[in-house]
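Try each task yourself before you read the solution.

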Amino acid sequence: MPFDNNFQHQKYSCESPLAPYRVVKPENAFDIHSLHSRQIMSNFADRLRDRSIRSVYLVHGTFAGTDVLGVIRELERWVPSMGKILREHQKKFVDMFAGEAGNFSQAYAERFSEMINANGQIELPVRLFHWTGENLHLARANAAVRLLEEMLSDTESEPARYLLWGHSHAGNVFALLTNLLGGDRACLRRFFAVGRSLLKRSASGVLDYPVWKRVRRQVLADPSCLNRIELDIVTFGTPIRYGWETRGYQSLMNVIHHRSMEGVPEYLALFPTTLTDVIQARNGDYIQQLGVAGTNLTPYLPAWRSWMAERRFRSLLEQGIRRRDTLDRLRIGQRVPAEGTTILVEYPNDPNRLSEQLFGHAVYTRSDWLAFHAQQLDVFWSTSSSQADLDE
């Protein structure tokens, strides 16, 4: 997207993408316990430290969160003390049920940490960031503000750079975050005006009231505080939704499970014609393909405040996007976002995991692909640095 994106939505097109992309066809995953994987992760750890990364955030996507239907938020209005307990239990249930299938587990985070902190160097933290996981604008906006506050608190004394590693709609949380980091004061005022109109109803429980109040006050009083935060971003299977603000990040790589089909441009995906296509992920990640604008769920039925919040956020974040055109957007099969470098990966089929692959959307979060993804990011950074040197 251009500079001064100001929360513009990405456009949908079947034309050849302007943003760079490449196709990668790995023969198999890397054994996470092998010497080869450990060497890749050791090199990756050196690269992280060369880039002065302070910490890594692993952020799950939709339906892998702490309140995927928004029911806990409503219960919390009546019994506030139950909110935290219920969210913790729901996340534990998701982790137990899903494991590493479309979910960043505690075990994945621990393995990531162990492999980049193996040489006795100062520890580089790997953090799990949880959000509700609702397929709603208000949930992603709330997650972006909460993540922003966490990093603002971490950078009170000095600037810092973070690696954001996000699955599915976590990438769209990151996109909103870049608009907050790179937007001008008028842009910030528009965003927080939507939230403030809801925060006046402090008992609504729709947004995290104290967090929004603190962040709004801080960034509007001193927008320069946002300059302390630098982001390297990797998204995995993120549906094409919100636009990115170019000033809001230092690097952006998108990884998408995709299979080229004869007679179809390699950057597009065919619309599935049978349920078998979807179950077997014949064309790659169908969740990424089908999760475009117009596919949000509606808030929990009795939650009228959430309905109001969702409507207001939609008016800001989906300007010019018509619901009645949803099927046309789905049929485009757009794979490559308008920003960053996209890696279209033809992951090999694993017949033993067909029932676990979540329509092609689960492969990214498995530990046996961690070293491969780290290697792709290392290559991307190296290539970007070389190109920057040539441009100079």
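Predicted model: local features only at pLDDT ≥ 70, side-chain atom pairs only at ≥ 80, totals over all residues.

Residues are numbered from 1 along each chain as its sequence is written, and side-chain values use heavy atoms, with hydrogens and water left out.

**Exercise 1.** Find the place of Asn283, decide whether Asn283 is buried or exposed, and list its contacts.

*Solution.* 
- Step 1: Look between helix H9 (275–279) and helix H10 (286–290); Asn283 is in the loop there. Helices are DSSP runs of H or I with at least four residues, strands are runs of E with at least two, and both are numbered from the N terminus.
- Step 2: Asn283 counts as buried because its relative accessibility is 2%. The classes are buried under 20% relative accessible area, exposed over 50%, and partly exposed in between (1.4 Å probe, protein chains only).
- Step 3: Contact means heavy atoms within 4.5 Å. Setting aside neighbours within four places in sequence, Asn283 touches His257, His258, Arg259, Met261, Ala269, Leu270 and Arg335.

**Exercise 2.** How many salt bridges does a search of the whole structure find?

*Solution.* 
- Step 1: Apply the criterion: a side-chain nitrogen of Lys or Arg within 4 Å of a carboxyl oxygen of Asp or Glu.
- Step 2: The search gives 14 salt bridges.

**Exercise 3.** Which parts of the chain does the salt bridge between Arg54 and Asp154 link?

*Solution.* 
- Step 1: The closest N and O atoms of Arg54 and Asp154 are 3.4 Å apart.
- Step 2: Arg54 lies in strand E2 (residues 53–59) and Asp154 in helix H5 (residues 137–154), so distant parts of the chain, 100 residues apart, are linked.
- Step 3: Arg54 is partly exposed, at 24% relative accessibility, and Asp154 is partly exposed at 24%.

**Exercise 4.** Describe the salt bridge between Arg214 and Glu149.

*Solution.* 
- Step 1: Here the closest N and O atoms are 2.5 Å apart.
- Step 2: Arg214 in helix H8 (residues 209–221) and Glu149 in helix H5 are 65 residues apart, another link between distant parts of the chain.
- Step 3: Arg214 is partly exposed because its relative accessibility is 39%, whereas Glu149, at 16%, counts as buried.
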